[in-house]
Amino acid sequence: MTKPVVLVLDDEKDILYFTCKFLQRFNYTCHIASNIEEAKNLIASQKINLLLCDGHLKDGDAFKFLTWVQTNYPSIAQVFMSGDAERPVPHDQPTPIMDLAHLEKPFTLEALKNVVASTLAKSNQQAEDAITS
């Protein structure tokens, strides 16, 4: 079985490296992007299974980017990361954005591990269900 590939998009360098180092310990392949352009290039050139995306990016609207990913790469599972006490509501975005898994910053290692595993498991189950139906 191949290792799941995770892309972490965050403009905070410490979070990028900390998150990837931790996920690599659990047999994930991890790529990092500090802006939307880097993320788009990695998505276009790599097989990405999961995107961890910060909700507040300096170079663009995270919700619009997540919608772009859902539209163009629907097989990529997504987790929305935010330091807000309450999850921001994108009033102008389609409902599927609101269905994303959410990881509140600052997060614990256990929370990171759990949300990555559960989101990938849900994505894999949905893919299997689509094949068998």
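**The cysteine link and beyond**

Author: The link of cysteine 20 and cysteine 30 is left-handed, with -65° about the S-S bond. Their sulfur atoms are 1.9 Å apart, where a disulfide is a pair of cysteine sulfur atoms within 2.5 Å. Please keep in mind that this is a predicted model, in which local features need pLDDT of at least 70 and side-chain atom pairs count only at pLDDT 80 or more, while totals for chains, interfaces and linings use all residues. Residues are numbered from 1 along each chain as its sequence is written, and side-chain values use heavy atoms, with hydrogens and water left out.

Reader: Okay, and which parts does that pair tie together?

Author: Cysteine 20 lies in helix α1 (residues 13–25) and cysteine 30 in strand β2 (residues 29–33), so the pair ties together parts that are 10 residues apart in sequence. Helices (H or I, at least four residues) and strands (E, at least two) are DSSP runs, numbered from the N terminus.

Reader: Is cysteine 20 buried or exposed?

Author: Cysteine 20 counts as buried at 6% relative accessibility, and cysteine 30 is buried too, with a relative accessible area of 12%. Buried means under 20% relative accessible area, exposed means over 50%, and partly exposed is in between, using a 1.4 Å probe and protein chains only.

Reader: Changing topic, what pattern does the whole chain follow?

Author: Along the sequence the pattern is β-α-β-α-β-α-β-β-α, which gives four helices and five strands.

Reader: And which residues of α4 are buried?

Author: In helix α4 (residues 109–132), the buried residues are Leu112, Val115, Val116, Thr119, Leu120 and Ser123. What covers them includes α1, β3 (50–54), β4 (77–82) and β5 (101–104).

Reader: How many aromatic pairs are there?

Author: The count comes to five, where rings of Phe, Tyr and Trp (its six-membered ring) pair if their centres lie within 6.5 Å, and planes under 30 degrees apart count as stacked, over 60 as edge-to-face and the rest as tilted. One of them joins phenylalanine 22 and phenylalanine 26, whose ring centres are 4.9 Å apart with planes at 55°, so that pair is tilted. Phenylalanine 63 and phenylalanine 80 form a stacked pair, with 5.1 Å centre to centre and 20° between the planes.

Reader: Where do phenylalanine 63 and phenylalanine 80 lie?

Author: Phenylalanine 63 lies in helix α3 (residues 62–72) and phenylalanine 80 in strand β4, so this pair ties together parts that are 17 residues apart in sequence. Phenylalanine 80 is buried, with a relative accessible area of 0%.

Terms used: Expected span 1.5 Å × (residues − 1). Contact = heavy atoms within 4.5 Å.
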